[in-house]
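Let's take a friendly walk through this structure, one part at a time. Have the sequence and the 3D view ready.

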Amino acid sequence: MMTHYAVLFFAVPLLSFSLSEELQHNTNTVDPKENYSYEVDHWRVKEGDNNNKAYETSVDSTWKDLSEYERTSIHGVWWVMTGVTISSEAPENKFFALFPDRIVSAFAVYWDGVYISSNGVVSDAKGQERVGKYFCLFLIPKQLSTAGTHQVALRISNWNVDAKWERGQFFFGYYDSIIRLVYAWQLRIYFLLGIIFLAMFLNVFLYFTSHRRLTFLLFGVLCFVIFLSLLLNYYWAISDVSNYYLDYRNFLVPITLIFIGIALPVFFLYEF
């Protein structure tokens, strides 16, 4: 039965694993000599648009620190802004990129007032908003990512998704290093899903070929629930999904965790 415990040892900790845990170095000062991805912090937020201007340039008393911000509604339009300092010039063959994680529903990115790109269609009306993709990267033009302090701003609209955008994170680093990290993380998820699926299949097979020993069936069911929870939690790593996915994940994953909480002690009680 040691294989049972080995599967649980590797699978259960990853039920709450986040890619952002590997994107370290929480600072707004970037050293191009280090091949890291930095979490951008110290955001300020402003609720609503200023006469629907294309870009908010000034920070006044209406802006609040994001850590102190208390939103009046889960839906609406917001501006968030922070500064990023690049300590020196990057090599010619290196390009910086911005990587958002769980920013919903749609948003537009500005760098020093220059529009970079959008994820979805930002709007101050629900019917006109188009929900963006869960996974996206924004490449910063070489001529804009020079040494010095730069202003990063996002115009966010959230009308069609019930997830809270302020729980999201924003990372900055070399484009190629972020891509490599994401690919490595995806391979880890594929590998883990494969192991759990194989364990589930083998235990169900052994149940029907070993005089229907209940231990195999219980562990097979436990593997199935863990597999389902992992698949729901990290489905974005397998398929190109929109931010609607967050609503389904936030609803379904806690249900699977409840079933895991039931199936795990039942298995151990029967085993011992």
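This is a predicted model: local features need pLDDT of at least 70, side-chain atom pairs count only at pLDDT 80 or more; totals for chains, interfaces and linings use all residues.

## Helices, a pocket and a loop

How do the two helices lie against each other? Two packed helices are described by the angle between their axes and the distance between the axes. Helix 2 covers residues 175–209 and helix 3 covers residues 214–233; they pack at an angle of about 155°, and their axes are 8 Å apart. Angles over 145 degrees count as roughly antiparallel, and helix 2 and helix 3 are therefore roughly antiparallel to each other. Their crossing is left-handed.

Now follow helix 3 to another partner, helix 4, which spans residues 244–271. The axes of helix 3 and helix 4 come within 8 Å and cross at roughly 160°. That makes helix 3 roughly antiparallel to helix 4. What classes of residue make up this contact? There are 19 nonpolar, four polar and two charged residues in the contact of helix 3 with helix 4. Helix 3 passes helix 4 in a left-handed crossing.

Next, let's turn to empty space. Rolling a probe the size of a water molecule over the atoms shows where empty space is left. The second largest pocket has a volume of about 190 Å³. It is lined by 15 residues, and W43, L66, G168, Q169 and F170 are the closest to its centre. Which strands each supply at least two residues of the lining? They are strand 10 (148–158) and strand 11 (169–174). By class, the lining of the second largest pocket holds nine nonpolar, three polar and three charged residues.

Most residues other than glycine have a negative phi, and most peptide bonds are trans. R102 lies in the loop between strand 6 and strand 7, and R102 has a positive phi of about 65° although it is not a glycine. S105 also has its place in the loop between strand 6 (96–101) and strand 7 (106–111). A cis peptide bond joins V104 and S105, with omega about -15°.

Terms used. Residues are numbered from 1 along each chain as its sequence is written. Side-chain values use heavy atoms; hydrogens and water are left out. Axes are lines fitted to C-alpha atoms, for helices over the stretch in contact, and angles run from 0 to 180 degrees between N-to-C directions. Helices (H or I, at least four residues) and strands (E, at least two) are DSSP runs, numbered from the N terminus. Angles under 35 degrees count as roughly parallel, over 145 as roughly antiparallel, 65 to 115 as roughly perpendicular and the rest as oblique. A crossing is left-handed if the near helix is turned anticlockwise from the far one by less than a right angle, and right-handed if clockwise. On a 1 Å grid over the protein atoms alone, a cavity is a set of points where a 1.4 Å probe fits but cannot get out, and a pocket is an open set with protein on both sides within 12 Å along at least five of seven lines; lining residues have an atom within 4 Å of a point. Grid points are joined across faces, edges and corners, and a volume is the space filled by probe spheres set on the points. Ala, Val, Leu, Ile, Met, Phe, Trp, Tyr, Cys and Pro count as nonpolar, Asp, Glu, Lys and Arg as charged, and the others, Gly among them, as polar.
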